[in-house]
Amino acid sequence: MEKEVIKSFTNRRILQKLIYNHILYKTGEEAGVVRPRKINLPLLYDLDNSKVRLPPDQQVLTYINMTPRQRENQNGIVAMAKNATGGKLDMGNLFRALAYSLDNALSPFILSGTPENYRDFVEQSPKIAYVMNCIRSVKQWHESNGESASGQVIYMNRGKQFFPLIKEYLEAVTGYKKGVIYDKTRVDEVEIISSEINDTRKELIKEAFLDGVVKIIIGTATIREGIDLQKRGTVIYNCYPEWNPTDIRQLEGRIWRQGNQFKYVRIVMPLIQDSMDVFVFQKLEEKTSRINDIWFRGDRGNVLDLESLNPEEIKLALITDVDRLVRMFFDQEREQLFRENKRAQLALDAIRAVQRDIQDYRSYRERSLEAIRGFKTQLLSQNFMQQMPKAAEDGDVNDKRYKKGKELKEDIEDLLNGTDIQDRDILAMGRKIENSYGLLGVYFSNRYYLNYFKEYVSKVRKTERAVLKPKGFSLNSDLGPAIAQYEAERQTINTKIGTYRGDAQSPRWGELRKEIEDKKSALQVEGRSAENRAEEFGRLNYLLQYRMNAPEANKATETTTEASRSTAVEALELEALALELELELLNF
């Protein structure tokens, strides 16, 4: 049986109201929190207008080719997955294949084999090689500008046994120092945080990172929450994509938060072509859509989004096999049509059922009103309503039964004389009459009509909200046209489903293949080496010059040209020279 995938909520506003009644939620911007500008890589869209796609030569991508060793591993993983789905479904092996593919994308050594040394590990692991090259470019930019290198974070929730090799590479090749004195304790400029270190050491590393002594932190899920690294952090490399969008946001929050000295931070996600990175992004797309549907309000943008990461485009970029892409999109479209057909049929069934219920609903509504009229007549016939009540010295009536009866009579008259009597008002009046029995002692005969009416109100109003109103109908409408609309919709859907029969020989398969080829051609995206992608990353290093407390004159758009960047640097140098002269004058 096909499992339904929830992508939105029919009664989203009701769900939102329920949540917001119990949770006071604001985005950081709504709460007035000043944070750096966050840039997600791969970067496909203009920083100032997320609807404008950048030209290919201005995009900063992270799609990396597999090594031959990874390709060999991936072929074995695909074979394992096929065996798990052939015949009786073996969910255990299927999930193992999925995990193996993610591990292989990070490093083939996580699956098997032992690297000869730190160089061999990095060179055979394209994601790691990409990160190493990016880190070196940031360090070199700072050094060329006479600055201490900013902080960078490497997140990998797998392969922590290889963290020492990454650390060794950064020290031996990139030039980070060991044995730096901080707070009377020796630390390295590259440190590892995992569950194996104690809280005291973890706190020391964190403080050293905030003070700019530790430059690189390599961490597992231990760093995802509860550790703030924002003061000098400029880049997070997420080498192992998580299934949960909120986990991604938690990780980003280590440096993307109030108190960062830098005006821009980069959140980098290296992606390996033809790996399970594609599947993870598809799941992120579905989950993010559901979360946004809950938190989105008319005056608020998407609260949890993937910003520049467009999962559909990334799938097209990461999967090089066109036939595999066609199969993926073909199955998705066909399943969506099946779901739409099922929804239309359920709507038809609901309308036909509600036609019968509407008759009973109207009958019990009228009988409920008659029962209320009958109670009014019975109330007025009571002795305490006909006799003149005694009055107190201040003129107030002290007969509680009379006062209650008079108030109830007036409420009933207001209801019955109304021009637009609502169902909820009838039911509320029924409850009020029943609650009056303890004081008035007047029996509400035929009150059971209101109980039946309440049941039918719940049934028919639910169908009205979910099925009729989306098509512009109500309970008072002629439902014939509504049935005709849903039948026509089903006919259209069934016609579309017919174009999918025959799979690869179907009309839709050929159309879809052409569409995908055109899209891939338009995207002009291909996997590249780690070194080439790191060069693209380096194009954004000029953003490191902008600080949160810089004068307004130093504001720059992300499309700043080399000439304007040089002008900004010259202006900073002139300011520094002026400050030096001022200090010299003060020394006299």
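Which side chain of opposite charge is nearest to the buried Asp 120, and how far away is it? In this predicted model, the nearest such side chain is that of Arg 69, at 5.5 Å. Asp 120 has no salt bridge, although it is buried. A salt bridge requires a side-chain nitrogen of Lys or Arg within 4 Å of a carboxyl oxygen of Asp or Glu. Asp 120 belongs to helix 4, which spans residues 118-123. Beyond its neighbours within four places in sequence, Asp 120 contacts Phe 109 and Pro 115.

Strand 1 covers residues 37-41. Four of its five residues are buried, so the strand is largely enclosed by the rest of the structure. Its partner is strand 9, residues 264-268. The two strands run in the parallel sense and are paired over five bridges. Within this pairing, Arg 37 stands opposite Tyr 264 of strand 9.

Aromatic rings were examined next. The count comes to 14 aromatic pairs. In one of them, Tyr 364 and Tyr 452, the ring centres are 5.2 Å apart and the planes meet at 40°, so the pair is classed as tilted. Tyr 364 lies in helix 11 (residues 322-380) and Tyr 452 in helix 16 (residues 448-468). The pair therefore ties together parts that are 88 residues apart in sequence. The two tyrosines fall into separate accessibility classes. Tyr 364 is buried, with a relative accessible area of 17%, because the buried class takes in values under 20%. Tyr 452, at 38%, counts as partly exposed.

A further pair joins Phe 375 and Phe 444. Its geometry is edge-to-face, with 5.6 Å from centre to centre and 75° between the planes. Phe 375 is in helix 11, whereas Phe 444 is in the loop between helix 15 (437-440) and helix 16. This pair too links distant parts of the chain, 69 residues apart. Phe 375 is buried, at 1% relative accessible area. Phe 444 is also buried, at 3%.

Tyr 364 and Tyr 452 are also members of a cluster.

The charged end of Lys 139 sits over the ring of Tyr 176, 5.4 Å from the ring centre. The charged end of Lys 471 is placed over the ring of Tyr 486, with a distance of 5.0 Å to its centre.

Technical notes. Residues numbered from 1 in each chain as written. Predicted model: local features only at pLDDT ≥ 70, side-chain atom pairs only at ≥ 80, totals over all residues. Heavy atoms only, no water. Buried < 20%, exposed > 50% of the residue type's maximum accessible area, 1.4 Å probe, protein only. Pairing = 2+ DSSP bridges. Lys, Arg positive; Asp, Glu negative; His and termini not counted. Contact = heavy atoms within 4.5 Å. Phe/Tyr/Trp six-rings, centres within 6.5 Å; stacked < 30°, edge-to-face > 60°. Lys NZ or Arg CZ within 6 Å of the ring centre and 35° of its normal.
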